[in-house]
Amino acid sequence: MSSDEETIPDDDGLPYLGEYDGERNELDERHGFGRAKLPNGDTYEGYYENGKRHGKGTYRFKNGARYIGYYIESKKNGDGVFLYPDGSKYEGSWINDLRSGFGTYTYPNGDTYEGEWIQGRRHGQGVYTYKATGSRYDGRWFQGKMHDEGQLIHSNHRYVGDFEENKPRGRGRYVFDSGCEQIGKYVWKEKEILSEHEEDEPEIVILPMWEGKEICSLTDEQ
């Protein structure tokens, strides 16, 4: 083990890497276990390989955020936990510094998402649970939004159908715990929202409108 403070002169063209206390290889690169304090005030304690964070480690940001997990060539890869300054938390898989694979994200308001991620976005199959109501969406996601087949599950009923841009669209059905259902479809309709300021153009929003048939009893197969 060695202990030193990197004080590379500015005029040699090499970056200042901060303070380091740990193992090195024959090229004097950080290699093995070590502790580092970066020039920006962040700290890292964990494993290095040929000068780069590699293996398990803990990275603490000066803003209060913290990552505990695995690295490959100084990028978050594999399983890891990220604690954000706003109180949110992600625990799961990483690829090249981005949430990718399977993981669980807890948001500042207590909502949670458990499912698949691609390049930092909810993408694939996943369940989003709303803490305030206990309702949850269980279905497909595309680039961070509800998309394709899914169901919104509430305390005494659920909606099963297709979604697009976080809204229900097309054919679907409401299934009630009382043993009945209503089949129908959601049709998107534009609605003009007037601004409080006369000089502003009105805003056009898309609202899903339910067109349902008669409510009937569920069959044994359903």
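This is a predicted model: local features need pLDDT of at least 70, side-chain atom pairs count only at pLDDT 80 or more; totals for chains, interfaces and linings use all residues.
Here, buried means under 20% relative accessible area and exposed means over 50%, with partly exposed in between.

**Figure 1. Arg 24 and Asp 28 meet in a salt bridge.** Start with this side-chain pair, where the N to O distance is 3.6 Å. Arg 24 counts as partly exposed because its relative accessibility is 22%. Asp 28, at 51%, counts as exposed. By the rule used here, the count of salt bridges in the model comes to seven.

**Figure 2. Domain 1 and domain 2 come into contact.** The chain is divided into domain 1, residues 1-85, and domain 2, residues 93-214. Ten residues from domain 1 and seven residues from domain 2 take part in the contact. Taken over C-alpha atoms, the centres of the two domains are separated by 40 Å. Between them the domains bury about 720 Å², and 42% of that area is on carbon and sulfur atoms. Look for Lys 75, Lys 76 and Tyr 84: together they supply 57% of the area that domain 1 buries against domain 2, more than any other three residues.

**Figure 3. Strand 7 gives the most to the side of domain 1 that touches domain 2.** This strand spans residues 75-83 and contributes eight residues to that side. The residues of the touching side of domain 1 divide into four nonpolar, three polar and three charged.

**Figure 4. Asp 97 forms a salt bridge with Lys 76.** The closest N and O atoms of this pair are 3.3 Å apart. Asp 97 sits in the loop between strand 8 (89-95) and strand 9 (98-106), while Lys 76 belongs to strand 7, 21 residues away. A polar atom of the Asp 97 side chain also lies 2.7 Å from the backbone nitrogen of Lys 76. Leaving aside neighbours within four places in sequence, Asp 97 is in contact with Lys 75 and Lys 76. Asp 97 and Lys 75 are 22 residues apart in sequence, yet 5.2 Å apart in space, C-alpha to C-alpha. Asp 97 is partly exposed, with a relative accessible area of 30%, whereas Lys 76 is buried, at 11%.

**Figure 5. Glu 91 and Lys 89 meet in a salt bridge.** Here the side chains come to 3.8 Å, N to O. Glu 91 is partly exposed, with a relative accessible area of 45%. Lys 89 also counts as partly exposed, at 34% relative accessibility.

Methods
Residues are numbered from 1 along each chain as its sequence is written. Side-chain values use heavy atoms; hydrogens and water are left out. Domain bounds come from an automatic or database domain assignment. Contact means heavy atoms within 4.5 Å. Buried area is the accessible area (1.4 Å probe) that two parts lose on being put together, summed over both. A salt bridge is a side-chain nitrogen of Lys or Arg within 4 Å of a carboxyl oxygen of Asp or Glu. Helices (H or I, at least four residues) and strands (E, at least two) are DSSP runs, numbered from the N terminus. Ala, Val, Leu, Ile, Met, Phe, Trp, Tyr, Cys and Pro count as nonpolar, Asp, Glu, Lys and Arg as charged, and the others, Gly among them, as polar. Buried means under 20% relative accessible area, exposed over 50%, partly exposed in between (1.4 Å probe, protein chains only). A polar contact is a pair of N or O atoms within 3.5 Å; within protein, one must be able to donate a hydrogen and the other to accept it, and residues adjacent in sequence count only if both atoms are side-chain atoms.
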